[in-house]
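Here are my notes for you, written as numbered points. Keep the picture open beside you and find each residue as you read.

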Amino acid sequence: MSNVTSVSVMVGDTELVFETGKIAKQANGAVYAHYAGSAVIATVCCGAAPSEPIDYVPVSVEYNEKYYAAGKIPGGFLKRESRPKDKEILVSRLIDRPMRPLFDKAFGREIQIVPTVVSSDMSHTPDIVAINAASCAVTISDIPFYGPIAAVRVALINGEYVINPTFQQIPSASLDIVVAGTHDGITMVEGGAKEVSEDEMLGAINAAQPVITRICEAQMKMREMCGKEKLPLMEINEDLSWLEPVREYATPLEKEASFVKGKQNRYAALEKAHQQVREHFADLIAADEKREGQLAAMFEDLEYTILRSSILNDGLRTDGRGVRDIRPITCEVGLLPCTHGSALFTRGETQSLAVTTLGTANDEQMFDTIDGDKTYSNFMLHYNFPPYSVGECGRLTTGRREIGHGHLAQRALEAVIPSKESFPYTIRVVSEIMESNGSSSMASVCGGCLSLMDAGVPIKKPVAGIAMGLITEGADYAKYVVLSDILGEEDHLGDMDFKVAGTKDGITAFQMDIKIAGVTPEIMSKALSQAREGRMHILGIMAETLPAPRSELSELAPKILSFKVPEDAIGAIIGTGGKNIKAIAQQTGAEINIDDSGMVTVYGKNNACAQEAKRLALAIIEKPEVGKIYHGTVKRIVDFGAFIEILPGKEGLCHISKLAKTRVKQVSDVLQVGQQVDVKLIDIDRMDRLNLSYIDAQPDAGRKEEKETK
């Protein structure tokens, strides 16, 4: 088609292509982007007319993956894609976070971005294609946007940084992050790592910037070729001169209230100050219905100015701390009597109640995505943020925020979870946020780590997390302050939200959102160094409560035993139609799973039943050994003896002459069907028939033989 516009850029060793003019032409902007065999159609639409002025950008991102993209039909009962999967929600957040700050509130219209994965080669990750396609669609549309933005994935593999690694490469990476930014600087980073250093993390971010710049240039070239004229912003001509005396009167009241200790006390003090201002200028405010909204905006602006000035000029924060100070921390473990592991982690006015539950392989989380074959995970972390945690009423729901925070905390702890081979349990951690005033996701990391250790999960090392902030001033950020352990207000009013989790030896999870462009490497380096200092402090306090995992699992946890058998023995253990394995389960109450490699996993309600199931499974493949004493079951009685099962499916004959030292008239005088007895295997004849002795297996048999010899 002659009206199709296309631009391309090399990203890593593969070409990223943007096309428009063929598909979804009724949208405000639409781009078909493909990267090798992965392709995304990204569209953006906006409302027909501006609404009333609002103090936020009403943008929504709905990333979705179609199963047909990978030649699949959805699993389960429903064969239509339904509600968003967690992965789709997480990618939607990855797109939203770097783009949202670049829309203008004055546009005033609803904006919806819909990136749809329509082709997947199950090699190149489609989420990165979607981020770039979404930005390009908005960039060429008529929606005002101070972009573009671009994103790449960076992995550290064998000491080398790899841009946009494939699905096959990612598992071998020691670092895997998504980096997004504008032409001029990084604005978002998110990902996980296996205890990498701060320098390695900085290196990954620096490796991403030149590639991001090239992708942004490709989008700007496309805008020059076919971009639409931008729609106008709402004209806001407000006379704010009436606020000058109000601001002068309110400033000292706002300043005093802003430094009241305690979140609820501070909010109450601020509300009291605001009410005093309203009463003092009641007639002035009542003169125009718009003035109440203008006054509220002035209060927020005052708070912004007062708090940032105090931090930059005096090094004093709203709760009285210095810029590097961590709020008081308390830890408690084992507080819930009937759970497998529990911990209460409190840092200032942020509190997480974390609970660990251990389950079996049947409890694993199954993922059916377009990325490849179905996968299973034996570790999950769920984060709940009830409204009472901030003293409010509301609905108990699991939204995008909860899923995002839980995913970050899970990533932080995944690096230290033992392998399934060494610890064959399914592990679920739930973080219930009891209070919140800054970085409840990092409190979930700390509380989750303590609850894992309380449950006896042999994690490799303790993990802690901390949230950092940034306040800047002047051209090129000549003046800046990095804040440790930020409050909710500092997150809202600051220039960066920067979360780092890790062990004493390195970073395991990283998330950064920057509200300003072009944060310098110097600022990044200082923030990472200060975050490490805070992490070490928190780990020290956690160690005072519980320095290492408990040596024994909770008595309430299921008992799991694992052992390996030869591959040619798998069929014998299972039995015809599963007969043997079902019989063991029925006899012991335990559950047995065996995989193709011969790894047998036994799940028992307690240690005794698990051990008995293991014994029975091994007995099936055990070869009878002459001279060994077996604990068998009498199966049949005949005139000349008894047939006794000494191993599953293996019976031997105990002749009547081997029942006692003296003559026995009837076998039933000594043995009964179903009786369990100890017998000794004394011979295996040429026909592989087993000959047993009851009398030689009795406790005094050896002593009698010894006396007779003497």
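1. Helices (H or I, at least four residues) and strands (E, at least two) are DSSP runs, numbered from the N terminus. Residues are numbered from 1 along each chain as its sequence is written. This is a predicted model, where local features need pLDDT of at least 70 and side-chain atom pairs count only at pLDDT 80 or more, while totals for chains, interfaces and linings use all residues; side-chain values use heavy atoms, with hydrogens and water left out.

2. Let us begin with a proline. Pro 148 sits in the loop between helix 2 and strand 8 (150-157). The peptide bond that joins Gly 147 to Pro 148 is cis, with omega at about 5°. Most peptide bonds are trans, and most residues other than glycine have a negative phi.

3. Asn 164 is not a glycine, yet has a positive phi of about 50°; look for Asn 164 in the loop between strand 9 (160-163) and strand 10. Ser 439 also has a positive phi, near 55°, and belongs to the loop between strand 18 (426-435) and helix 9 (440-455). Are they buried or exposed? Asn 164 is buried, with a relative accessible area of 10%, and Ser 439 is buried at 11%. (Buried means under 20% relative accessible area, exposed over 50%, and partly exposed in between, using a 1.4 Å probe and protein chains only.)

4. Next, follow strand 11 (residues 186-196), where 9 of the 11 residues are buried. (Two strands pair if DSSP finds at least two bridges between them.) A hairpin of 4 residues links strand 10 to strand 11, and Ala 180 has Met 188 of strand 11 as its bridge partner. Strand 11 also pairs with strand 22 (residues 506-514), antiparallel and over 6 bridges; there, Glu 190 stands opposite Gln 511 of strand 22. Strands of a sheet pair through backbone hydrogen bonds, either parallel or antiparallel.

5. Which residues does Thr 182 touch? Thr 182 lies in the loop between strand 10 and strand 11 and is buried, with a relative accessible area of 10%. Leaving out residues up to four places away in sequence, Thr 182 touches Leu 102, Pro 148, Ile 149, Thr 187, Gln 209, Ile 212 and Cys 216. (Contact means heavy atoms within 4.5 Å.) Pro 148, from the cis peptide bond, is one of these contacts.

6. Now look at how helices pack. The axes of helix 2 (residues 126-140) and helix 3 (residues 198-226) come within 9 Å and cross at roughly 30°. That makes helix 2 roughly parallel to helix 3. (Axes are lines fitted to C-alpha atoms, for helices over the stretch in contact, and angles run from 0 to 180 degrees between N-to-C directions; under 35 degrees counts as roughly parallel, over 145 as roughly antiparallel, 65 to 115 as roughly perpendicular and the rest as oblique.) Among the residues making the contact are Asn 132 and Ser 135 of helix 2 and Ile 215 and Gln 219 of helix 3.

7. Helix 3 also packs with helix 11, at about 145° and with axes 10 Å apart. Glu 198, Leu 202 and Ile 205 of helix 3 meet Met 524, Ser 525, Leu 528, Arg 532 and Arg 535 of helix 11. Of these, Met 524, Leu 528 and Arg 535 are among the buried residues of helix 11. Helix 11 (residues 521-545) has 25 residues and should span 36 Å at 1.5 Å a residue; its end C-alpha atoms are 37 Å apart, which agrees. (The expected span is 1.5 Å times one less than the number of residues.)

8. Finally, find the open sheet of 3 strands, with antiparallel pairing and the order 23-25-24. Strand 23 (559-564) and strand 24 (591-594) stand at the edges with a single partner strand each, so one side of each has no neighbour in the sheet. From one strand to the next, the twist averages 15°. Strand 23 pairs with strand 25 (residues 599-604) over 6 bridges, and Ile 560 stands opposite Tyr 603 of strand 25. Helix 14 (residues 607-621) lies across strand 23, strand 24 and strand 25, at about 20° to strand 23.
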